[in-house]
Each structure stands twice: as structure tokens, then as C-alpha cells.
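Here's a quick briefing on how this one is put together. Have a look at the model first, then read on.

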Amino acid sequence: MTPEFETQTHASPFARTCLVAYLVLIVYASWFPFSGWQINNLSALTDVLQQWPRYWGGFDAGVNIVGYIPLGILLVFSLYPKLRGVGVVCTAALLGGLISLGMECVQYFLPSRVTSLLDVLTNFSGATIGALLGVRLSPTVLEKGRLRLIQKQWLRNESSRQLVVLGLWPLAQIYPQAYLFGLGQLLPILSAWTEDILEIDIDLGELLRQGIDLSAEEFLLSETLITACGCTGAILLCLSLFNRHAPKFALSIVLLTMTFGVKSLASALMFQPEHAFIWLTPGAQGGLLISAIMLYGFSYAPHQAQRRLAVLLLLLSLCIVNLIPTNPYFAATLQSWSQGKFLNFYGAAQFLTVMWPFIALRYLIFSRPTQTN
């Protein structure tokens, strides 16, 4: 029997890695902004959970269902091959419901979030749908070994976790950013936390800049560098994961196309449809051009050199995006952001935007070197 049709009888580490990453996103999205914790009357929690929400909309219910469908699929894949068929559907649906119930119970202590029975029911429905889809997909994805076949033919050894990190890059573009691919802007968040703890006005970025103000030309140059470094670093991460048998150019184009599509759709929904390409500023255009030139040369570099270059460029992007002040034009644009409809995604999107470069650097620096297949 050819390898293409070999039956896989062991668990999928890739699916379990994806499950852990998705659970982190669910927790962050459910409990954001992690502030204002209150120890309320615990005896009233049961009554709150049993109450039907007074105000709710089809959009929010649909988001809750869709958000838990991937969870149901990943639970089925992660439980394979110990559980299959009806058993794994019931188990995945039950686990999805329990996870949702846990999220809602914790939200009871957060004044900015609302504990809702509707959320539990819609999340449970999404997990059940995902479990059914997972069982339907298992024969093709797991049992016939299609993922293993692709992994053997295209991926370098020990690349599964890095592939998850790479797949999160397009999603990290959902949260509005002052600069295209300007991920990892951590200092404003640390400044806000410091202000809350010390009860003083403080701007850590301003302290590091030592009062230096940027001109319009310097803002443009900074945006160009951030875009070029962020884009090139992410694509180099992509190239370093695949061996010489993989269609690296096509995969890079697909990754960029997905990223631009997610960015445009998020901009259209969060602002207005005519602002779908608001992120494509002159500085971003220049950065993309420079990135294309760099990638043309770096694509011929050895595997380890690509990893080192990706680390260098992501670190450079992190330094610049945290040192320069927020673009005043971007701050004015945020005033038209419709946050209400995206409360469930607000925390998870910001988490990805801030943490993705640090997660990518962790795998680039500390993962075990591999040999070309």
C-alpha cells in the first residue's frame, strides 16, 4: 500500500498544539480586559446563568457559534485515535460546553463582561457542529495520513509548532495597528498597567525617546521600516519551515494573500467598507516594495541563515514599533471603530497582535535545528 493511503493510528501532535493555541485565544477573548475583578455574591451565580439575556442579537449569537466550531474540530482531532465516532462527538461537545461554562462563570467576576446562558448554548452548539465536522474530516485528514504525507514531503522535522505560529500571523492583523505588520507594541500596555498600579501618569515610550519628536518624514520612514521588517521576517519564517521539495514561492504568496484579505475584511467591518484598504498607506507601500526586494535575495540563503535573518528583522521591527509614538492620524481613525460588535474578538485579536512576534522569536531562537529532507 502506498504511503499516500497508509492509515494513521497514532495521535496528531500538530492537532494538539493547535488545540492548546486555540484554548489560549478563547481564554483571552473571554476574560479580556482582565481588570476590575470583583468578588460578587457567589450564591447569585446560578441565578445569573439561568437568566436569558435581555438584549441580544443574531450577530453575537452567530459569532459565538462560529468561534467554537474550530474548537470542536480540534478536540476530535486531538482525541484521535482513542475516541472515534459517536463517542468522540459527545465528548467534544461536552468538553466544549464545559469550557464555555467555565468562561462564563469567570466573567461573572468581571464588570466589563456579561455572564449569559445564551453564550453557553451557542458555544455548545458551535462545539457540537465542529465535532460533527471533525468526525467527517477525520478519515481524510487523519486516517489516510494526508497531513503526515504533506509533512514528510514539504516540512522540515520539528516544524509543526512553528507552522501553527505562522498560521496565526494573518489573524494577528485583525486588531487595528498604527503601522502595517507593526505587531508587538507592548510598551503602551505596560504603561497603562504601570499607571493603574502606581496611580501616576507615565509613558514608557516617551521615557525611552528622551523627548525626541518625529517629523512627518520620520513617521513615514518608520512605517516603511516596520512594514518591510515585519513582512520579511514572517515570510522568512515561512521559508525556513519548508524543505526544497515544497513550493515555497506559491506558499508565500498564499500566506500574503490570506494576510491581506484578513486585514482588508477586518478594516471594512471595524470601520466602514470604503476603508477596507486604509492600511495601504504610502509608508506601507514602500515597505512592501523593500520587503519584496529583500525576499528575492534572502530566498536563496541557507535554512539557518533565513532563521537568523528572521530573528534580526523581527527584533528590529519590535524595537521601532515600541519606540516611536502612535501616529496621530491612526488615533483619529480609531474614533470611528465599531467595537461593540467585536467585543468577543477584541481581546483575542489584541493578544495576537501584541504577542505574535515574541512567540515567533521563541520558536526561531530556541527550536532545535533541522536537516533538509
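The largest nonpolar core has 40 residues, and Trp169, Ile235, Leu237 and Trp356 touch the most other members. A nonpolar core here is a set of buried Ala, Val, Leu, Ile, Met, Phe, Trp, Tyr and Cys residues joined through side-chain atoms within 4.5 Å; buried means under 20% relative accessible area, exposed over 50%, and partly exposed in between (1.4 Å probe, protein chains only). Keep in mind that this is a predicted model: local features need pLDDT of at least 70, side-chain atom pairs count only at pLDDT 80 or more, and totals for chains, interfaces and linings use all residues. Residues are numbered from 1 along each chain as its sequence is written, and side-chain values use heavy atoms, with hydrogens and water left out.

- A second, separate core holds 20 residues, among them Tyr68, Leu71, Leu74 and Ala127.
- Skipping neighbours within four places in sequence, Trp356 is in contact (heavy atoms within 4.5 Å) with Val165, Leu168, Trp169, Ala172, Leu183, Ala234, Leu237, Leu314 and Phe351.

**A buried arginine**
- Arg307 sits in helix H13 and counts as buried because its relative accessibility is 7%.
- Again skipping neighbours within four places, Arg307 is in contact with Gln162, Ser240, Tyr363, Leu364 and Ser367.

**Cysteines**
- There are 0 disulfides in the structure, a disulfide being a pair of cysteine sulfur atoms within 2.5 Å.
- Cys229 is buried at 5% relative accessible area, and Cys238 is buried too, at 2%.

**Whole protein**
- The protein has 15 helices and 0 strands.
- Of its 373 residues, 45% are buried.
- Among contacts with a separation of 6 or more, 84% are between residues 24 or more positions apart.

Key: Helices (H or I, at least four residues) and strands (E, at least two) are DSSP runs, numbered from the N terminus.
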